[in-house]
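Hi,

Here is the structure I promised to pass on. Please have a look, then read my notes below.

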Amino acid sequence: MATASVRYASAQSPISGLRCIVCRASEFVGTDEALTCDVCGQEYPVLGGVPIMFENVSVKQANAIDDVTARQLLAAFDLPVDPVSLLRIRSLMRKEVRFGGSLIQVESQQFLHRVRSSGHEVGSEPERDNGIPSARDLASIPAYRWTKSYMPCRMKAGHTILANMRLENCGPVPLHRSGEGRVTVAVRWQHRDGSVAEAPDERTPLPIDLQPGQALTVAVRVIPPSRPGSYRLNLTLVQEQIRWLDAGAHTMTVSVLSEVPEPVPAGWVVMPKAPASYDVDHDKGCVMLIDWLQRHAPTRPRVLEVGGNAVPMLSRLGTGFGPNLINLDVDLLGLQVGRMVARERGTPVHHLCADAFNLPFALGYFDAIVIFASLHHFADPAALLASLRLKLRPGGFIGLFCEPVGHVWPGAVTPAFLEELERGINEQSFSLQEYALMFRQAELAPAEVLVDLNSLKARLIHEPADEAP
């Protein structure tokens with residue numbers, strides 16, 4: 001397989017294997033400020049030594065940070081607090097990148113918030129807009145659509161379940177979670193002939209106000225009829241005390257049975273205890289990753305980590321696995337700080353800002369692609385896995401680690417979860433059956449799965465649809 005060729009006008013280290021996302025050429029001319037495709041001329045900015053491999057981005061001036069915040073940030077990552085490092089970190093924060101997509105833009109601006117959330121004092125959190133909302137336009141009819149369904153086609157009679165549904169506000173007014181005209185998800189059951197089936201009138205609230213153009217995943221509560229049979233399930237929004245919003249309803253056929261398959265897929269190992277902490281869980285995931293690489297990858301594997309931010313798990317592998325380790329994220333500031341950390345510690349990890357759905361690498365390039373607690377931040381995890389699968393060599397694997405398991409009831413979300421949603425971060429959590437569905441949709445087979453009660457770890461390999469059982 002051809003290796004990318006980069007001619008540099010200065011002493012900057014290239015990332016092996018890079019491809020232009022426009023023409024897929026592997027020849028670049030580079031400087032400290034930009035990479036330019038030698039074939040089509042597409043230019044990619046380079047900030048803080050991190051290439052930004054997006055087709056349409058703009059670099060703008062950002063607000064400078066003060067000396068105290070700069071010192072706190074360096075200390076949070078055990079970097080030397082000296083004049084050179086202070087100048088560098090303040091210089092990095094004077095520029096920001098504007099992306100086209102709103103979800104990517106939100107994710108790209110969470111670095112300082114996440115550092116604070118991990119227990120470090122870094123500057124002060126900007127004040128949120130908690131102003132009084134304007135009067136509601138109850139005359140305007142909201143519009144919505146269901147963009148992703150995880151609702152099972154088989155349910156146990158009379159047994160309450162939660163199932164994820166992806167909801168998008170495609171109308172002119174917000175979908176409000178409370179107050180006059182609040183919006184809920186209603187469940188209605190019908191017999192196959194269209195007559196109403198007897199079942200509880202179950203309503204699921206929204207966890208946040210959903211603004212026009214926004215989307216989120218809602219864990220919908222469903223109670224099927226108590227009598228087994230074939231039914232039609234209708235999921236619709238209701239503007240309470242005002243109107244039913246049937247125009248965007250989701251309708252499907254459901255088999256209501258006396259018994260349904262076990263919630264744990266065959267071959268998956270589920271431990272009875274949750275991880276002692278976030279860090280302990282990631283430590284265990286890293287040990288598993290090292291074991292999988294030793295057993296299923298070459299001695300010097302090409303490994304991509306998606307969503308590693310400033311401290312990717314690949315940095316724990318040591319020099320024995322280098323030098324083809326790449327950390328990909330959209331949080332440019334986190335990547336730049338991560339590059340400073342890698343250089344300080346001598347860690348052989350390259351940092352790259354790029355879209356996980358449009359990786360700047362050839363098909364079949366990687367021996368392994370790993371994701372630690374980041375898959376659930378993508379709006380369509382199955383689509384992401386299917387896209388990443390194309391970049392695996394034959395026999396390669398995707399490693400998922402520390403992914404949350406279980407549904408989050410919208411009427412009782414934790415303050416931390418609610419804050420993430422209100423910041424625009426795509427928080428969601430899935431059941432084991434929903435993960436299994438994702439894997440099938442992505443044509444990936446779970447070779448090994450370990451679930452520490454609420455944390456999933458899985459090694460996935462390619463399984464073509466026509467060969468699946």
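Start with Ser108, in the loop that joins α3 (102-107) to α4 (111-117). Bear in mind that this is a predicted model. Ser108 has a relative accessibility of 12%. The cut-off for buried is under 20%, so Ser108 counts as buried. Its side chain reaches the backbone oxygen of Gln105 at 2.7 Å. Beyond the neighbours within four places in sequence, Ser108 is in contact with Phe99, Val330, Asp331 and Leu332.

Next, helix α2, residues 83-92. Which of its residues are buried? They are Ser85, Leu86, Ile89 and Leu92. Viewed down the axis of α2, the buried residues fall within an arc of 135°, so they line one face of the helix. Pro83, Val84 and Leu87 are exposed, on the face of α2 turned away from the buried side.

What do the buried residues of α2 pack against? Their partners are α1 (67-76), β7 (95-98) and α6 (332-345).

I looked at the α1 contact in detail. The axes of α1 and α2 come within 9 Å and cross at roughly 105°. That makes α1 roughly perpendicular to α2. From α1, the contact involves Asp67, Ala70, Arg71, Leu73 and Leu74. From α2, Ser85, Leu86, Ile89 and Arg90 meet them. The residues of this contact divide into 5 nonpolar, 1 polar and 3 charged.

Best wishes

Terms used: Residues numbered from 1 in each chain as written. Predicted model: local features only at pLDDT ≥ 70, side-chain atom pairs only at ≥ 80, totals over all residues. Heavy atoms only, no water. Helix = DSSP H or I, 4+ residues; strand = E, 2+ residues; numbered from the N terminus. Buried < 20%, exposed > 50% of the residue type's maximum accessible area, 1.4 Å probe, protein only. Polar contact = N/O pair within 3.5 Å; in protein donor to acceptor, adjacent residues only side chain to side chain. Contact = heavy atoms within 4.5 Å. Arc of directions from axis to C-beta. Axes fitted to C-alpha atoms, helices over the stretch in contact; angles between N-to-C directions. Parallel < 35°, antiparallel > 145°, perpendicular 65-115°, else oblique. Nonpolar A, V, L, I, M, F, W, Y, C, P; charged D, E, K, R; others polar.
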